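The exercises below ask the reader to work from the fold as a whole down to single helices and strands. Each task is followed by a solution in steps.

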Amino acid sequence: MPEIKAIAKSAPNARKDQTEDVTSAGDAPVTLFADQPERVRKINELRKLIQNYDDCERRSDELFLCRFLYCCDWDVQEAFGRIVKLIKLKEANPEWFFHKPIATYSELLNRNVKFALDRRDRRGRRVFITRLGAIDFSSMAVTDLANLDDIWFELMLNELETLESGVTCLIDMSGYSLKSFRFLTPQNIRIGSAKTDLLPLKNIEFHVVNSSVFMNAAIAILYPMLSKKIKDQVRFHYSNWASLHEYIPADILPAEYGGTAGKTFDFQTIHGQVLDRANDFDRLLTYGVRDGSAPAATAATALIVPKGKGGKAKGKHREAEKKKSLAGCTVEE
């Protein structure tokens, strides 16, 4: 089954004709590391573990598997455990993950709250920007933000150079509103933190700019609930652009961040990275569908797992009950 095209190390600046199709066929040969037999063996070992996990169709192409192997230092069992935890988190909280045709996210993407630049920083990392002041709290939910994260990270994690180098996140707090405090519920923080911890990316940094009194109040609530791993990767620059440019060079940032790359971002090019690959993104919705059954016609039906006739099951029995269900499983990344 075709995937989003895997882009080699020159991405995101590579031409479309420099991409290669990635398939999820169980016996597909491993091509990314043809000269490294040990890595090939581990990729195939992890693929078999996933294919035998349940009777749902799970994504198992080599680039997807490499996401987890890279972040787990090529420990197959650890990588598999991470994938299983992610599957379970999605099953429990499907609305927190990308689950609809990409065209339905067009309006949300155009709000320019979250997006990835089409150029890398000096360390070869993708640059992912979040502008919290652009959030319309009257019409957006915290799950909308989570879905945007999924879309953009799906794009970035399908690049080998990103898996090797990582992602630099720029968080702009200008325009931050007290209304956002309604998002900071214990449940939202718990799910959001768990999802961040399971992100299959070894190298990720967070750089906060334009912070304010409101930001300090939010940090007092949020910071203690974050994992040590996340805390260690957060840096505050306030409005010190020289400090920011030590990590994200000025020549890939616009004037509003002290950069030299024009007055503002080129959003047509930025959005095109996703919208020009709409068919490839939509194919991802076929994952989580039970083998031999047709993909769900809509996102809603793809996400429904009905309860058994005997009421709620517990523990292992509940997992067995899900496997016996005639409906599709939750959508897999």
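Two residues count as being in contact when heavy atoms of theirs lie within 4.5 Å. The model examined here is a predicted one.

**Exercise 1. Describe the chain as a whole through its secondary structure, its burial and its contacts.**

Step 1. The secondary structure amounts to 14 helices and seven strands.
Step 2. Of the 333 residues in the chain, 51% are buried, where buried stands for under 20% relative accessible area.
Step 3. Among contacts with a separation of 6 or more, 74% join residues 24 or more positions apart.
Step 4. The accessible surface of the chain is about 15,600 Å², and carbon and sulfur atoms hold 54% of that area.

**Exercise 2. Determine which residues of α1 are buried, and why they fall on the same side of the helix.**

Step 1. Helix α1 takes in residues 37-51, and its 15 residues reach 21 Å from the first C-alpha to the last, which is close to the 21 Å expected at 1.5 Å a residue.
Step 2. The buried residues in α1 are V40, K42, I43, L46, R47 and I50.
Step 3. These residues lie on the same side of α1 because they cover an arc of only 165 degrees around the axis.

**Exercise 3. Work out the strand order of the five-stranded open sheet, and state which strands stand at its edges.**

Step 1. The order is β3-β4-β5-β6-β7, and the pairing is mixed.
Step 2. β3 (114-120) and β7 (234-238) each have a single partner strand, so one side of each is left without a neighbour in the sheet, and these two stand at the edges.
Step 3. From one strand to the next, the twist averages 25 degrees.
Step 4. Strand β6 (residues 204-209) pairs with β7 in the parallel sense over four bridges, and V209 stands opposite Y238 in β7.

**Exercise 4. Compare how α5 and α11 are placed relative to β3.**

Step 1. α5 packs on the sheet, where it touches β3, β4 (126-131), β5 (167-172) and β6, and its direction makes about 20 degrees with that of β3.
Step 2. α5 is mostly covered, with 14 of its 16 residues buried.
Step 3. Helix α11 (residues 267-275), by contrast, lies across β3 and β4 and runs at about 100 degrees to β3.

Terms used:
Residues numbered from 1 in each chain as written. Predicted model: local features only at pLDDT ≥ 70, side-chain atom pairs only at ≥ 80, totals over all residues. Heavy atoms only, no water. Expected span 1.5 Å × (residues − 1). Buried < 20%, exposed > 50% of the residue type's maximum accessible area, 1.4 Å probe, protein only. Arc of directions from axis to C-beta. Areas by Shrake-Rupley, 256 points an atom, 1.4 Å probe, with all protein chains shown as cover. Pairing = 2+ DSSP bridges. Axes fitted to C-alpha atoms, helices over the stretch in contact; angles between N-to-C directions.
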